[in-house]
Amino acid sequence: MDTDDFQPFEIIDGDYDGGMVLLADHAMNRLPARYGDLGLPEDAFRRHIAFDIGIEGLTRRLADILNVPAVLGCFSRLLIDPNRGEDDPTLIMKISDGAIVSGNHPITQEEWDFRLATYHRPYHRAVEQTIAKASASGRAPLVLSLHSFTPYWRETPRPWHAGVLWDTDDRVVVPLIEQLRLPGDIVVGDNEPYDGALRGDTMYRHCMIPGIPHTLLEVRQDLIGDEQGIEDWAQRLAPIFTTLNADPTLHEYKIFPSRTGPYPA
């Protein structure tokens, strides 16, 4: 596939007046042909370093059940990470969880800028346009970003089945955690296994700055690693997302300060 034919994003259409948008930054492990394998073995692209395992299928299933629009990133995070700000030093990784990405080092400024212009920025334009279309009625859409995490980090097991990540806007976070924990059968992390305050990431850029209700939901990868797991989690999440979306307070614009510091002027 030539670079000109490589689509860096996919938009799944849905009811744009329904008030909800799903995002999947790391949905796929694909690379444009011009990059080969970035110097990595084939099995690297089946690991979490390349994409969020299970999230493409989960996002597609939820978008179908809920009839809501979604935006999927179509390139591997090993090429360039769409969930990082343009000035983030981890935007293009040289080493990822022990894997040396020789195709990313050394890298010229010209190549760095090319990847931003060709893959990263078009994805974010698609996110911006989809959110704008869902905002046309005048109310803020509920934006839910879906990710997955490994069951172990190094050799330490992660006890959470899911984690809700956030900065300071807790409007979606509080009811989402409450609903996830209600059945009593899963462990839900609050800003675990990561902290949700990351300057310049997708939620910061498209939701924190304009004051749109949002959160980032992480599901453990081994729980959505096959079709049955994806279906189970889609059925678990769909009614929760529907309940959240029915709350009028989760469709109001309100700007919260970021723990990462002042917003850019």
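Me: What space lies in the second largest pocket?

Reply: About 180 Å³ lies there. A pocket is an open set of points on a 1 Å grid over the protein atoms alone, where a 1.4 Å probe fits, with protein on both sides within 12 Å along at least five of seven lines. Its volume is the space filled by probe spheres set on the points, which are joined across faces, edges and corners. This is a predicted model: local features need pLDDT of at least 70, side-chain atom pairs need 80 or more, and totals for chains, interfaces and linings use all residues. Residues are numbered from 1 along each chain as its sequence is written, and side-chain values use heavy atoms, without hydrogens and water.

Me: Which residues line the second largest pocket?

Reply: Lining residues have an atom within 4 Å of a point. Here they are Arg84, Gly85, Glu86, Asp87, His120, Arg199, Gly200, Tyr204, Arg205, Ile209 and Pro264. By class, three are nonpolar, three polar and five charged. Nonpolar covers Ala, Val, Leu, Ile, Met, Phe, Trp, Tyr, Cys and Pro; charged covers Asp, Glu, Lys and Arg; the others, Gly among them, are polar.

Me: What volume does the largest pocket have?

Reply: About 710 Å³. Of its 35 lining residues, His26, Arg77, Asp81, Arg84 and Tyr194 are the closest to its centre. Arg84 lines the second largest pocket too. The lining of the largest pocket holds 13 nonpolar, twelve polar and ten charged residues.

Me: Which elements each supply at least two residues of that lining?

Reply: Strand S6 (142-149), H4 and strand S11 (214-220) do. The largest share, four residues, comes from S11. Helices (H or I, at least four residues) and strands (E, at least two) are DSSP runs, numbered from the N terminus.

Me: What describes two packed helices?

Reply: The angle between their axes and the distance between the axes. Take H3 (residues 173-181) and H5 (residues 227-245): their axes come within 10 Å and cross at roughly 145 degrees. Axes are fitted to C-alpha atoms over the stretch in contact, and angles run from 0 to 180 degrees between N-to-C directions.

Me: Which residues make the contact of H3 and H5?

Reply: H3 brings Pro175, Leu176, Gln179 and Leu180, while H5 brings Leu237, Ile240, Phe241 and Leu244. Contact means heavy atoms within 4.5 Å. Seven of these residues are nonpolar, one is polar and none is charged.

Me: Where is Gly229, and what does it touch?

Reply: Gly229 sits in helix H5. It touches Leu223 and Ile224, leaving aside residues up to four places away in sequence. Gly229 counts as buried because its relative accessibility is 8%. Buried means under 20% relative accessible area, exposed over 50%, partly exposed in between (1.4 Å probe, protein chains only).

Me: What is phi at Asn67 and at Asp97?

Reply: Phi of Asn67 is near 55 degrees, a positive value in a residue other than glycine. Asn67 lies in the loop between helix H1 (55-66) and strand S3 (70-73). Its relative accessibility is 44%, so Asn67 counts as partly exposed. Phi of Asp97 is near 45 degrees, again positive in a residue other than glycine. Asp97 is in the loop between strand S4 (95-96) and S5. At 27% relative accessibility, Asp97 counts as partly exposed.
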